[in-house]
Amino acid sequence: MTPLSDDMNFRRATLADLDVIMHHRRSMFFEMGYSDEGALAAMKATSEPFFAKGLANGSYVGWLAEHAGKRVIAGGGLIVFEYHSSPADPSPKRPVIVNMYTDPGYRRIGIARELMKIMVGWCRNEGFGSVLLHASEDGRRLYESLGFKPTNEMSLMLR
């Protein structure tokens, strides 16, 4: 397959796409090393209603890449949540990119880059001052090439 061939289509996700979004989410975590089936099932059980509600009320905005107008082969989305403002960004909302996934046979040809450009462009058009994401090792180079920088965020695992 050549990079972003003419038979590639990018479109907004709808509630009818929930199953494919959940498939991408599970596959993303599985490929990052989360292989405990019980944990993956628990994640799906709590994530599915969250993303269904978000797709319905606009707090989750997703995009999908289709090959030949039929098969969804990649996707990603944004959770937009209420957040405290700061001097750097007075907006009381923040977008976070989640669910970035491309089927293995379609990787490294520009699909994820195009999805990221679409999502970052949407954030700019909506007037957000920044967008966040959590990078996997596989995705880090792409995100850095698009201008994403590591922050001083720290985390404490409680379990």
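A: The buried residues of helix α1 are L18, I21, M22, H24, R25, S27 and M28. They belong to a predicted model, and the helix that holds them runs over residues 18–31.

An α-helix has 3.6 residues a turn, so residues three or four places apart point the same way. With that in mind, the reader may follow the buried positions along the helix: L18, I21 and M22, then H24 and R25, then S27 and M28. The list includes a histidine, an arginine and a serine as well as leucine, isoleucine and methionine.

What lies over these residues? The cover of the buried residues of α1 includes helix α2 (37–57) and the strands β2 (60–67), β3 (71–82) and β4 (93–102).

As to its dimensions, α1 has 14 residues and reaches 20 Å from its first C-alpha to its last, which is close to the 20 Å expected at 1.5 Å a residue. After the helix comes G33, with a positive phi near 105°.

R108 is placed in the loop between β4 and α3 (111–125). With a relative accessibility of 67%, R108 counts as exposed.

The setting of α1 can now be described. The protein has four helices and five strands, and from the N terminus on they follow the order β-α-α-β-β-β-α-β-α. Of its 159 residues, 39% count as buried. Among contacts between residues at least 6 apart in sequence, 62% join residues at least 24 apart.

For the whole chain, the radius of gyration is 16 Å, which agrees with the value near 15 Å that a compact globule of 159 residues would have. The C-alpha trace spans about 45 × 40 × 30 Å along its principal axes. The accessible surface comes to about 9900 Å², and 55% of it belongs to carbon and sulfur atoms. Finally, the protein carries 19 positive and 18 negative side chains, and the centres of these two sets lie 2 Å apart.

Key
Residues numbered from 1 in each chain as written. Predicted model: local features only at pLDDT ≥ 70, side-chain atom pairs only at ≥ 80, totals over all residues. Heavy atoms only, no water. Helix = DSSP H or I, 4+ residues; strand = E, 2+ residues; numbered from the N terminus. Rg over C-alpha atoms; globule rule 2.2 N^0.38 Å. Buried < 20%, exposed > 50% of the residue type's maximum accessible area, 1.4 Å probe, protein only. Contact = heavy atoms within 4.5 Å. Areas by Shrake-Rupley, 256 points an atom, 1.4 Å probe, with all protein chains shown as cover. Lys, Arg positive; Asp, Glu negative; His and termini not counted. Charge placed at Lys NZ, Arg CZ, Asp CG, Glu CD. Expected span 1.5 Å × (residues − 1).
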